[in-house]
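Reader: I would like to learn how to read a pocket and a helix packing from a model. Please take one of each.

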Amino acid sequence: MSIRLNKQWSVFSWLLALLLFTPLLSIIWQSFADDQAIFSHLWNSVLPDYLINSLLVVLGVVSVSFLFGVSTAWLVVMCQFPGRQFFVWSLMLPLAMPAYVVAYIYTDLMECAGPLQSWLRQFFQSDTAAPVCLFEFRSVSGSILVLSLVLYPYVYLLARTTFLEQSNSLLQTARVLGCSPWQSFYKVSLPMARPAIMVALTLVAMETLADFAVVNYFAVPTITTAVYDTWLGYGNLAAAARLSALMLISIFILVAIERAGRTKQRHYQKTTGQDKKQRYQLSGPKAGFALFICLSLFSAAFVLPFVNLINFAYHYFEQSWTSEFFNYSVNSFMLAIMVCFICLLTGLLLASFKRLSNKTSSIIPARLASTGYALPGTVLAIGILIPLSLLDHSINQIAEWFNSDGPGLIFSGSLFAITAGYVVRFSAISIGSIEASLTKISPSIDMVSVTSGLSPLKMLFRVHLPLVRKGVIAAALLVFIESMKELPAALLLRPFGFETLATYVYQFVSDEQLEHGALAAIVIVLLGLIPLIFLNRSLEKLH
């Protein structure tokens with residue numbers, strides 16, 4: 001099928017994609033600028049330790065998330081035990097918890113003066129005169145635990161999906177051949193699920209590497225905190241850009257490893273797993289152990305933090321119910337709505353251009369526009385501010401040439417910067433969701449539309465849009481929630497005096513006063529549960 005797109009659509013699609021790709025190019029360009037030997041100083045002093053800490057945290061979180069996510073996913077899909085139906089959806093809920101909130105609550109419980117260590121000292125060292133700190137929770141291991149509790153649902157979701165899709169006949173064959181449940185998992189289920197699990201682990205590694213709030217709160221210096229400190233502490237954008245480029249190289253290496261692992265794996269099955277699962281019937285100690293694993297993980301990752309937030313909000317309601325809470329809620333809501341609208345238009349335009357154009361190069365704009373999602377928030381902020389600062393500087397210079405006062409920082413110092421940053425980061429979500437929905441539409445519908453005399457633009461709004469409305473709604477929800485939760489980019493790109501719910505809560509966390517921001521944190525969590533509910537409903541169709 002050949003549909004003739006007007007030249008304006010093609011030109012605008014390429015220009016839009018290049019604009020969204022500009023932050024990455026800006027980081028690469030700025031990394032070659034003179035950094036006044038700051039990068040060399042960092043490399044010869046603290047940077048190796050930062051890199052080691054980053055590696056330890058990433059490896060630790062990936063390993064623990066794999067253990068948590070894969071084990072629970074296999075239990076709820078392949079085994080029958082008390083409470084299984086509840087854990088099917090509840091084990092996804094920790095994904096809605098902000099990691100820095102979990103970090104604060106667990107620090108409050110596990111620090112030297114906290115209830116856990118106080119009880120342990122009384123139990124083991126009741127005769128000791130001076131209190132002894134049994135362990136330091138604000139450490140690399142503490143960061144690994146907190147981030148794993150928040151990020152393991154990525155592994156759980158993809159592992160659960162791929163276990164559901166596995167053919168039941170293969171598992172029955174394994175049983176006939178005498179495989180125990182463990183052998184069936186290790187020799188059949190796990191190898192077939194490896195590609196999806198690798199994707200999830202890569203995503204976990206990228207999210208861990210991009211984390212700023214938890215490692216900064218725990219005073220664990222990583223490459224992310226180095227970018228932040230180099231920019232704001234030393235005031236050197238070039239050195240920060242070089243560190244950002246180092247992070248990007250690490251992310252690209254992770255993605256390359258994941259894709260290489262997938263290309264070497266080939267597993268085929270005759271059915272798609274839609275047949276009814278014949279689960280292992282657990283009873284006695286085995287059922288109790290399965291229940292204990294799922295309940296412990298759910299309680300540690302979601303129940304304990306959420307109950308503490310409710311307790312804080314109840315006892316400090318007057319301190320939380322303030323005008324700032326309402327103002328920052330409105331700021332977050334309006335910003336998220338604006339970003340959501342722009343991202344949806346971007347996704348519709350680029351995904352439709354890819355579908356309707358008969359050129360092989362039409363896939364490039366959508367791919368260029370999707371690279372922003374791989375940029376950590378701190379790196380993205382640098383990539384946004386470099387071109388915007390240059391643009392502001394040029395405008396003010398032109399004003400000076402005409403003997404006029406410059407307008408100031410109209411781009412880098414306004415809402416434009418944070419909006420642009422969010423759009424660059426979250427456009428990939430809308431593009432991917434709308435692309436997936438468009439692929440389900442038969443090409444014959446496009447042919448009928450062309451025969452009926454509809455232009456490509458009219459075809460998009462009259463034919464495609466009604467058919468992909470579920471994908472559009474899903475994209476809108478995800479972009480909205482991600483915009484409400486985003487912290488690193490908001491911290492660096494927000495204009496003076498502008499706060500979002502995420503930055504508002506994080507300020508209380510940094511000041512050890514989460515109690516006063518508990519109500520705002522609950523709002524973030526409840527909003528984060530919305531896409532998880534929709535996601536669970538779609539996964540239930542695989543049962």
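Author: Rolling a probe the size of a water molecule over the atoms shows where empty space is left. Here the second largest pocket has a volume of about 690 Å³. A pocket is an open set of points on a 1 Å grid over the protein atoms alone, where a 1.4 Å probe fits, with protein on both sides within 12 Å along at least five of seven lines. The volume is the space filled by probe spheres set on the points, which are joined across faces, edges and corners.

The model is predicted: local features need pLDDT of at least 70, side-chain atom pairs count only at pLDDT 80 or more, and totals for chains, interfaces and linings use all residues. Residues are numbered from 1 along each chain as its sequence is written, and side-chain values use heavy atoms, without hydrogens and water.

Reader: Which element gives the largest share of its lining?

Author: H1, with 7 residues; helices are DSSP runs of H or I, at least four residues, numbered from the N terminus.

Reader: How do H1 and H16 cross?

Author: Two packed helices are described by the angle between their axes and the distance between the axes. The axes of H1 (residues 7-30) and H16 (residues 363-370) come within 7 Å and cross at roughly 25°. Axes are lines fitted to C-alpha atoms over the stretch in contact (heavy atoms within 4.5 Å), with angles from 0 to 180 degrees between N-to-C directions. H1 and H16 are therefore roughly parallel (under 35 degrees). Ser-13 and Trp-14 of H1 are among the contact residues, as are Ile-364 and Pro-365 of H16.

Notes:
Helices (H or I, at least four residues) and strands (E, at least two) are DSSP runs, numbered from the N terminus. Angles under 35 degrees count as roughly parallel, over 145 as roughly antiparallel, 65 to 115 as roughly perpendicular and the rest as oblique. On a 1 Å grid over the protein atoms alone, a cavity is a set of points where a 1.4 Å probe fits but cannot get out, and a pocket is an open set with protein on both sides within 12 Å along at least five of seven lines; lining residues have an atom within 4 Å of a point.
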